[in-house]
Amino acid sequence: MSATSTVPADSQTRPRIVIAGAGPAAQALVRQLTRTPFAGGITVLSNRDDAPAELLELAALPQVSVRFGQPASYVDPDSRHVTTADGLEFSYDQLVIATGSSPAGAPLAGEGRCLNYSTIDDAAGLGEAVKDVTRVLGRRPLGILVGTGTAAGQAEAVLRSRGVRPIRTTQRPAAVVPTLAGSALTAAGIVFEDGSSMAGDLVVLAEEPIARDALAVSAGLQTARQGGIVIGRDFRTSVPGIWAIGDAAVFDGVRLGLLVAASSSASVCASQLLRAGMAEPLAEAA
């Protein structure tokens, strides 16, 4: 399935930005670019077959084309072309990779009963959920935090700031224990493979996901040892004309999604893209 907005006939002679990915970071970048005097075309390649309202809203913008169910699968940085899984080819002047990340482990039984922390954008939602749990309990909650690394550290800080007593475990549970029927709370604890268990008022999963960097590898971009696309302060990758944003990007060894909110990084990246778009014609003229 694909959905495109109306793009002017002269779009091939105007600056072209292709965004591989359609998650929160990609959406924020499109919004930032369309609020500026950018006169070119923006193509968003989404791996989703459905058409959520937020993407349809972007597709309605006159300079934006959203291709649903057309994930980017290969990049040729020399000819500046992106090929999708279905073989469609898109040329670009600037390419932004915003492919995000995926869970590191297999789905956890009862995972839907847990709160989740994956990027810094999750902090506000986690705080609000904790506030609701506290109101239901009428006391300070006891929270079980599952995970290691920066994500778990940030989640623990959010929990403590909201008055939760966190108990942290690095061992992945086998299942989440549901609360009694009729309870306003969703999780009562976790059970491990050996039958041992931990009880609490809420369960937070803050496991480090795996950056989706296969597209970057296909283009010969530098990637981090632990996964993720290496970027500089200006969001440029190691290959000219290609940028990375969101949870697929890594800066100074840390996933970008754990360093900067999607809206903030999109704002800076948009400014850099606009500068690059102005600089290239000047360089060609010289």
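Predicted model: local features only at pLDDT ≥ 70, side-chain atom pairs only at ≥ 80, totals over all residues.

Q: How many helices and strands in the chain?
A: Six helices and 21 strands.

Q: And what does the C-alpha trace span along its principal axes?
A: About 65 × 35 × 35 Å.

Q: What share of the 286 residues is buried?
A: Buried residues account for 45%.

Q: How much accessible surface does the chain have, and what share belongs to carbon and sulfur?
A: The accessible surface is about 13500 Å². Carbon and sulfur atoms hold 53% of that.

Q: Take contacts between residues at least 6 apart in sequence. What share joins residues at least 24 apart?
A: That share is 58%.

Q: Let's go to the strands. Is β2 mostly covered or mostly open?
A: Mostly covered. β2 spans residues 16-20, and five of its five residues are buried.

Q: Which residues sit on which side?
A: R16, V18 and A20 are on one side of β2, with I17 and I19 on the other. Both faces are covered.

Q: How does β2 pair with β3, parallel or antiparallel?
A: Parallel, over five bridges. β3 is residues 41-45. Within that pairing, I19 is opposite V44 of β3.

Q: What does the chain pass through between β2 and β3?
A: Helix α1, residues 24-34.

Q: What does its side chain touch?
A: The Q94 side chain makes a polar contact with the side chain of W243, at 2.8 Å.

Q: Switching to L205. Where is it?
A: L205 is in strand β16. L205 is buried too, with 4% relative accessible area.

Q: Which residues does L205 touch, leaving out those up to four places away in sequence?
A: L108, E111, C114, L115, N116, Y117 and V146.

Q: How far is L205 from G147?
A: The C-alpha atoms are 6.4 Å apart in space. In sequence, L205 and G147 are 58 residues apart.

Q: Now charges. How many salt bridges in the whole structure?
A: Eleven.

Q: Which helix holds E128 and K131?
A: Helix α3, residues 122-137. E128 and K131 are three residues apart there, about one turn of the helix. Their side chains form a salt bridge at 3.3 Å, N to O.

Q: How accessible are those two?
A: Both are partly exposed. E128 has a relative accessible area of 39%, and K131 has 37%.

Q: What about R172, which residue is its salt-bridge partner?
A: E207, with the closest N and O atoms 2.7 Å apart. This pair links distant parts of the chain, 35 residues apart. R172 is in the loop between β12 and β13, and E207 is in the loop between β16 and β17.

Q: Are R172 and E207 buried or partly exposed?
A: Partly exposed. R172 is at 30% relative accessibility, and E207 is at 25%.

Q: And D247 with R255, buried or exposed?
A: Both D247 and R255 are buried. They form a salt bridge, the closest N and O atoms being 2.7 Å apart.

Q: Last topic: the three-strand sheet. What is the strand order?
A: β18-β20-β21, an open sheet with mixed pairing.

Q: Why do β18 and β21 count as edges?
A: Each has a single partner strand, so one side of each lacks a neighbour in the sheet. β18 is residues 229-230 and β21 is 254-255.

Q: How does β20 meet β21, parallel or antiparallel?
A: Antiparallel, through two bridges. β20 is residues 249-251.

Note on methods
Residues numbered from 1 in each chain as written. Heavy atoms only, no water. Buried < 20%, exposed > 50% of the residue type's maximum accessible area, 1.4 Å probe, protein only. Helix = DSSP H or I, 4+ residues; strand = E, 2+ residues; numbered from the N terminus. Pairing = 2+ DSSP bridges. Right-handed = clockwise from strand over helix to strand, strands pointing away. Polar contact = N/O pair within 3.5 Å; in protein donor to acceptor, adjacent residues only side chain to side chain. Contact = heavy atoms within 4.5 Å. Areas by Shrake-Rupley, 256 points an atom, 1.4 Å probe, with all protein chains shown as cover. Salt bridge = Lys/Arg side-chain N within 4 Å of Asp/Glu carboxyl O.
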